[in-house]
Amino acid sequence: MEKLVITGKTPLKGEVVISGAKNAAVAIIPATLLINGICTIENLPNISDVKLYCEILESLGAKITWHTEHEITIDTRDINANNVPIETTRKFRASYYLLGALLGRCKSAQIGVPGGCNLGPRPIDQHIKSFEALGATVDVSNGNITAKAKKLKGASIYMDVVSVGATINAMIASVLAEGTTVIDNAAKEPHIVDVANFLNTMGADIRGAGTDIIKINGVKELKGGATYSVVPDQIEAGTFMIAAVASKGDIIVKNCITKHLESIIAKIEEVGGNVDANGDHLRVWYSKRTHKANIKTLPYPGFPTDLQAQMGVLLSISEGTSYINESIWESRFQYTVELNKMGAKINAQGKTAVFEGVNELVAAPVYATDLRAGAALIIAGIVAKGKTEIYNLNHIDRGYENIEEKFRKLGAKIERKIVEE
Ligand code: EPU
C-alpha cells in the first residue's frame, strides 16, 4: 500500500499542463471497437483506467501499439465480442461503454455489472432503455449484463434523466444502426462532443452533440484511418484552479479550453479568487481571503459534481457559511468526514452540506473515499498546517495523471511513500 505525505502551507506557484480528459478517453477507447480498421489517439491521459481499458480491448483481439505514454494506435479489424474479460469490467464504471460498442459492431455484448467509485446508487436504466429502443434485448442477471440484437434500427430515444454515460452509449450504439436515431434530453458535457467528434472523424454522421438533441444518421461502416486528439480535462484544470486559490498561490493552467471552465471560473471569482482566461491557458491567483458561496451541482454547463469536493475544501476555509447542494450523486459528501478530521466544520445531511468557514485546516491521516475526494484531500493537505497523510491512493491514480508530480512542480511538498503492512 502507498500513501501521500504532504507538508502543508505552501502557496502554489508556476505552470501546470493539463492532460487529456479521463471521461472522454474512457469512452473513445471502447468506441474504437466500432471501427473496422486502424486509428491513432493522441493526448490520452496516463492513468490506470486508460491502461485497464486498453487491456480489455487487447483481450477482445485489438492490436495496440504505444507510441508514447499518451499516444496509441489501435487496430480493431479483428474483434471477438465473446472474449470480454468479465471480472475486469466489474472494476470500473466506464466498462458500460463496451455494451454500446460491441452491440453496435458485433450485435452482441456481455459485461459484468460495472463497479467504480462508491457515489451511491448508479442505475443504468437509461442505457438499457436506449439499447432496447434500437432493437436489442437486454438481460441483467447473475451480476452480468447481456445485450443482443439481430439488427439495430435507428429510433427516438428520450432520456428521462440527463445522463453522460447513457447519452454516449446511445450515440455509440446507433452509429452503425440502420436509419436515423434522435437522442432527446441528451447530456452536453465537453466529453460528449469529444466522443462525437472522434466518431465523425472516423466516418460517423453525428450532429448536434453539445446540445440537448443529438441526431445520428447510421452509416454502414467506420473505416478509421485517422488520428484524433483527446480534449483537455476540464475537471483536472478545475482541480488545479481551486488548489491555486485555496493555497494562496498564483499559477498558470496550460492546455485547457477556457470555455469549458466557465462555471468554475464564475464560482472562483464569486468567492474572491482571481482568474484571467486567455485562449488555451489561464492565470488563477489569490489576493484576499475568500468568502462564502452557495453551490448546486448540475449537468454541464452547470457546476460539475466532479469538482464539488475540491470546491468544498476552499469553502471550508472561506469566511462565512456556505452551502453545497449535490444534485447528481447521493454519497458524494463522504470527503467531509475526512475534512472534519482536519479541523473543517462541515455538516452534511442528505443532499446538502453546510460549511462554517474556519481559519485554517490542520494535518491528519485521511482516506480518499473516491477519486475526486482524493483530489480534494490533496488540496486540503497543501493548505493545512503540518504533515497530512492520505491513504487509498488507487482511487486517485484511476483518474489523475502524475498528480503529485504536477503539484510538486508547483511547489507543493508532496511525496509518495510505501506503507509497511
Ligand atoms: N442516472 C440514472 N439512470 C441511468 C444513468 C444515470 O438514473 O441510466 C442518474 C444517475 O444516478 C445520476 C445522474 O443520472 O444521478 C447522472 O449520471 P450520469 O449517467 O451522467 O453519470 P455517469 O455517466 O455514470 C459520468 C462520469 C462521472 C460524473 C458523471 C456526472 C464517466 C466514466 N463518469 O458518470 O465521473 O460524475 O458523469 O457528470 O464519465 C468522476 O470522474 O469522478 C466521475 C464520477
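Select the shell around the ligand first: by class it has 11 nonpolar, 6 polar and 6 charged residues, where Ala, Val, Leu, Ile, Met, Phe, Trp, Tyr, Cys and Pro count as nonpolar, Asp, Glu, Lys and Arg as charged, and the others, Gly among them, as polar. This is a predicted model, in which local features need pLDDT of at least 70 and side-chain atom pairs count only at pLDDT 80 or more, while totals for chains, interfaces and linings use all residues. Residues are numbered from 1 along each chain as its sequence is written, and side-chain values use heavy atoms, with hydrogens and water left out.

Within this shell of 23 residues, highlight Ser163, Val164, Asp306, Ile328 and Arg372, which come nearest to the ligand; a residue is near a molecule if one of its heavy atoms lies within 4 Å of it.

Next, colour the two domains, whose bounds come from an automatic or database domain assignment. Domain 1 (2-18 + 232-418) and domain 2 (22-229) both give residues to the shell, so the ligand lies between them.

An oxygen atom of the ligand is 2.7 Å from a polar backbone atom of Gln126, and a polar side-chain atom of Arg332 lies 3.1 Å from a ligand oxygen. At Arg372, an N or O atom of the side chain is 2.7 Å from an oxygen atom of the ligand. Taken alone, the ligand exposes 830 Å², of which the protein buries 89%, with accessible areas from the Shrake-Rupley method and a 1.4 Å probe.

The elements that give two or more residues to the shell are α1 (22-31), α5 (125-133), α6 (164-174) and α12 (371-383), and α5 gives the most, with 3 residues.

Select Tyr96 and Tyr97, whose ring centres are 4.8 Å apart and whose planes stand at 80°, so the pair is edge-to-face. Tyr96 counts as buried at 11% relative accessibility, as does Tyr97 at 3%, buried meaning under 20% relative accessible area.

Finish at Phe240 and Phe407, a tilted pair with 4.5 Å centre to centre and 40° between the planes. This pair links distant parts of the chain, with Phe240 in helix α8 (residues 234-246) and Phe407 in helix α14 (residues 403-409), 167 residues apart. Both Phe240 and Phe407 are buried.

Key:
A polar contact is a pair of N or O atoms within 3.5 Å; within protein, one must be able to donate a hydrogen and the other to accept it, and residues adjacent in sequence count only if both atoms are side-chain atoms. Helices (H or I, at least four residues) and strands (E, at least two) are DSSP runs, numbered from the N terminus. Rings of Phe, Tyr and Trp (its six-membered ring) pair if their centres lie within 6.5 Å; planes under 30 degrees apart count as stacked, over 60 as edge-to-face and the rest as tilted. Buried means under 20% relative accessible area, exposed over 50%, partly exposed in between (1.4 Å probe, protein chains only).
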